[in-house]
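These are my notebook entries on a single protein chain. I looked up its fold, its overall dimensions and its surface.

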Amino acid sequence: MNNSMSGWILGTILAAVTSLVLGLTLVWLNIERMDIAYGLQKLQVELDNSAAHGAKLELERDNLLAPYRLRRKAEELGMRPAMPGQIRRLEDLQ
C-alpha cells in the first residue's frame, strides 16, 4: 500500500510538472508568434512605403523627361536643334 501511494504521488507530481512546462512553452510560443506577426506587419508597411516612393520617383522621372518639358527647358537655355553637319557619331571618328 505504501509503495502504491508513493507511485501515485510521484505520478501526480510528474504530471503537474509536465503540464507546467507545456503551459509555459505554449505561452512562450504565442509570445514569439506575436513578435513575428508585429515584425511582419512593420516590414509590410515599410515595403508599401518603398513601393509608393518608387512610384512617385518614376512619375517624377517621366515628368522631367517628357518631350514638351525638355523642349521648353532647352528653349530657356538657348538651345536649338543641331544643324546638318554638326552631329558627330563615335563610329565616324574611328
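Entry 1. Is Val 17 buried, partly exposed or exposed? I worked from a predicted model. I found a relative accessible area of 45% for Val 17. Buried means under 20% and exposed means over 50%, with partly exposed in between, so Val 17 is partly exposed.

Entry 2. I then placed Val 17 in the fold. The residue lies in helix H1, which covers residues 2–64. On the surface, Val 17 belongs to a nonpolar patch together with Met 5, Trp 8, Ile 9, Ile 13 and Val 21. I noted about 610 Å² of accessible area for the six residues together.

Entry 3. I looked up the secondary structure of the whole protein chain and recorded 3 helices and 0 strands. Read from the N terminus, the order of elements is α-α-α. The radius of gyration is 37 Å, whereas the globule rule gives 12 Å for 94 residues; the protein chain is therefore more spread out than a compact globule. I also took the spans of the C-alpha trace along its principal axes, which are about 115 × 35 × 15 Å.

Entry 4. I turned to burial and surface. Of the 94 residues, 0% count as buried. The accessible surface of the protein chain comes to about 9200 Å², and carbon and sulfur atoms account for 65% of that area.

Entry 5. Lastly, I looked up the charges. The protein chain carries 11 positive and 11 negative side chains. I noted that the centres of these two sets lie 9 Å apart.

Terms used. Residues numbered from 1 in each chain as written. Predicted model: local features only at pLDDT ≥ 70, side-chain atom pairs only at ≥ 80, totals over all residues. Heavy atoms only, no water. Patch = residues over 30% accessible without salt bridge, like charges linked within 9 Å, V, L, I, M, F, W, Y side chains within 5 Å. Areas by Shrake-Rupley, 256 points an atom, 1.4 Å probe, with all protein chains shown as cover. Salt bridge = Lys/Arg side-chain N within 4 Å of Asp/Glu carboxyl O. Helix = DSSP H or I, 4+ residues; strand = E, 2+ residues; numbered from the N terminus. Buried < 20%, exposed > 50% of the residue type's maximum accessible area, 1.4 Å probe, protein only. Rg over C-alpha atoms; globule rule 2.2 N^0.38 Å. Lys, Arg positive; Asp, Glu negative; His and termini not counted. Charge placed at Lys NZ, Arg CZ, Asp CG, Glu CD.
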